[in-house]
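Look at the chain below before reading on.

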Amino acid sequence: MIRLIKRILAIVPTIRSQMYRAALLKALETLFMGIPYGILIFMLHDLLSGSLTASNVGFYTVGIALSYIAQGIFCWLFTRAAYPAGTELCEKIRVKIGAHLRTLPMSYFSRKNAGDTTALVSDELVMLTLLPRMAFPQFICAMVMPIVLAPFLFSVDWRLAVAALVPVPLAIPLLKKCQQALSKGMRKRSDSLVTISSSVIQYVQGMEVVKGFKQGGERFRSFAAALARFKRDNLALVFSTTPLMLAFQALLDLGFIILLVFGAYLFLGGETSLFAYLTFLVLGLRLYEPIKALGSVYEVTQSAEVTLDRIEALLKEKPLKEGTEVAPREDVGIDFNKVSFSYDQNPVLQDVSFKIPARKITAIVGPSGAGKTTILRLIARFWDVDSGEISLGGVPAQKLTAESLFSSLSMVFQDVYLFRGTVFENIAFGSPEASPEAVYTAARMARCHDFITGLPQGYETQVGEAGATLSGGEKQRISIARAILKDTPIVLLDEATASVDPENESQIQIAINALVRTKTVVLVAHRLATVTSADQIVVLDGKGGIEGTGRHESLLETSPLYQRLWNSRQEAQSWKVGAPAS
Ligand code: ADP
């Protein structure tokens with residue numbers, strides 16, 4: 001338990017005084033819970049020795065009543081200290097995890113880790129609130145009670161005291177065994193909880209495909225299998241630990257029976273007084289309660305250990321290394337110098353070098369899967385290169401501060417993510433100091449002002465989770481407004497494929513033109529018009545290298561791959577729905 005508390009305090013040191021205060025208040029509450037029993041023993045003594053008087057009874061009654069009041073007060077104070085401590089513990093850990101996640105490379109955010117982190121932050125962490133408000137105080141009581149009572153019991157009759165305490169050391173090994181079984185079972189159960197979270201994420205994220213292509217069966221099967229595994233692991237945990245827990249409690253109950261029989265034997269044999277016998281019978285019923293409670297304390301602490309393992313592992317994940325330099329604000333070109341990169345074992349770029357000139361538009365083209373989007377991600381340092389270097393304005397990206405890198409770039413990607421919040425907040429995201437006027441101007445330039453003012457609450461309209469209530473084109477224009485407002489020297493753009501209607505498309509094009517003026521633009525181009533008007537085109541060969549760089553006209557002459565790509569796009573563009581097949 002001490003180790004566990006130390007681990008918690010290492011993560012959230014500020015909770016220390018609250019934890020200790022809660023435990024102290026619980027100990028005082030327990031003390032006042034025990035005092036009426038003590039008074040009862042004094043009464044018994046008076047009764048048996050014939051010295052009980054009316055005033056004594058009054059005195060004892062007041063004492064018992066005051067103890068109840070004090071117990072109530074300490075219970076209230078304990079609740080006031082322990083519950084906020086539990087909530088604060090969770091909140092602080094969540095904030096810490098959130099801040100840490102932000103520093104991690106994108107390679108961390110695989111599906112498995114997304115499920116893992118979701119389960120950890122939403123479900124598992126909640127268990128930790130039980131530490132300050134239940135497990136830790138109960139543990140203190142279980143330790144304090146026997147220590148306080150033992151000297152008194154020994155002074156009344158040492159033989160009965162030994163008999164009363166004998167089951168405790170015998171029961172502890174059982175508790176340890178139970179603890180081991182709990183630890184193993186909880187780890188398994190927690191793993192299956194993570195699997196459930198991952199499959200829920202996959203199932204829900206893929207819902208469009210599931211519905212559209214009637215592919216639900218396979219995904220649902222893996223979700224159902226995860227649920228079945230969780231059920232199995234949960235039952236295994238309960239069935240493996242309950243007998244041990246019952247045996248532990250039975251051994252302590254046996255202690256009371258030993259006391260009963262052994263006390264009767266001594267009393268009837270004239271070896272001990274009626275007072276001593278009765279004292280042990282009265283206290284014997286209470287003596288084991290806090291120790292019995294250790295069973296449920298260990299249930300909580302084992303679960304907390306598993307959760308803490310996960311938290312510590314996550315917090316140990318190495319953040320992207322940050323540098324100390326600051327990128328220039330004007331005329332920022334980008335250099336790729338012998339860059340190689342692979343996702344896990346899947347090589348995408350090999351020894352690639354090219355220059356992206358400042359204040360010019362560079363289009364990246366190449367076969368599907370050649371690494372076009374990857375190039376944008378590498379510039380933004382979502383991932384780090386395996387070897388080689390990417391420089392921004394002459395400074396290697398890894399030497400820049402995260403803040404400098406962030407404020408040099410804006411991104412308009414196909415998968416636009418809007419946060420839960422108002423439209424206004426979504427545009428101002430990344431430029432928290434922007435005035436409302438600046439936000440409106442950016443929205444006008446990005447051609448979103450009109451549709452925003454048509455929304456029920458205008459700029460104050462809440463957008464659903466991940467922007468679910470806006471159309472794809474509208475979301476993209478909001479993200480362009482966000483980028484215009486941020487006004488960074490570099491713009492990374494993944495042009496929308498044919499997913500928007502023509503009206504939206506022309507609006508988006510106007511918005512993009514407003515954004516890219518005077519910027520260094522790197523774009524994954526899907527539209528022919530963009531490609532032909534780009535200042536430079538980089539053609540990826542789909543084998544990890546570059547086939548050529550240049551303008552449209554020269555590449556048409558020098559690059560066979562570019563010619564092929566160009567021809568196939570032209571063909572695609574000339575297709576008409578409903579045109580007779582030739
Ligand atoms: P493009 O944009 O040219 O179509 P990408 O840059 O998206 O290509 O992807 C290049 C290759 O890397 C593809 O084979 C793709 O499957 C793979 N890939 C892309 N993203 C990831 C990822 N997050 N994890 C693993 N592999 C990925």
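## Ground rules

Helices (H or I, at least four residues) and strands (E, at least two) are DSSP runs, numbered from the N terminus. This is a predicted model: local features need pLDDT of at least 70, side-chain atom pairs count only at pLDDT 80 or more, and totals for chains, interfaces and linings use all residues. Residues are numbered from 1 along each chain as its sequence is written, and side-chain values use heavy atoms, with hydrogens and water left out.

## Spans in the record

The UniProt record, an unreviewed entry, marks "transmembrane region" at residues 23-45, 57-78, 135-154, 160-178 and 235-268. Such positions are given in the numbering used here, with shortened feature names, and annotations may be inferred rather than shown by experiment.

Take two of these spans. Residues 57-78 are 100% helix and 0% strand, with end C-alpha atoms 31 Å apart. Residues 135-154 are also 100% helix and 0% strand, and their end C-alpha atoms lie 29 Å apart.

## The whole chain

The chain holds 22 helices and 12 strands. Its C-alpha atoms fill a box of roughly 115 × 50 × 45 Å along the principal axes. The radius of gyration is 35 Å, while a compact globule of 582 residues would have one near 25 Å. That radius is taken over C-alpha atoms, and the globule rule is 2.2 Å times the number of residues to the power 0.38.

The domain assignment, which is automatic or from a database, gives three entries: domain 1 (2-315), domain 2 (323-408 + 488-574) and domain 3 (418-486). The C-alpha centres of domain 1 and domain 3 are 49 Å apart.

## Helix α10

Helix α10 is mostly covered, with 10 of its 14 residues buried. Buried means under 20% relative accessible area, exposed over 50%, and partly exposed in between (1.4 Å probe, protein chains only). Among the buried residues are F275, Y277, F280 and R286.

## Residue R7

R7 sits in helix α1 (residues 2-11). It counts as buried because its relative accessibility is 13%. Leaving out residues up to four places away in sequence, R7 touches E305, L308, D309 and E312. Contact means heavy atoms within 4.5 Å.
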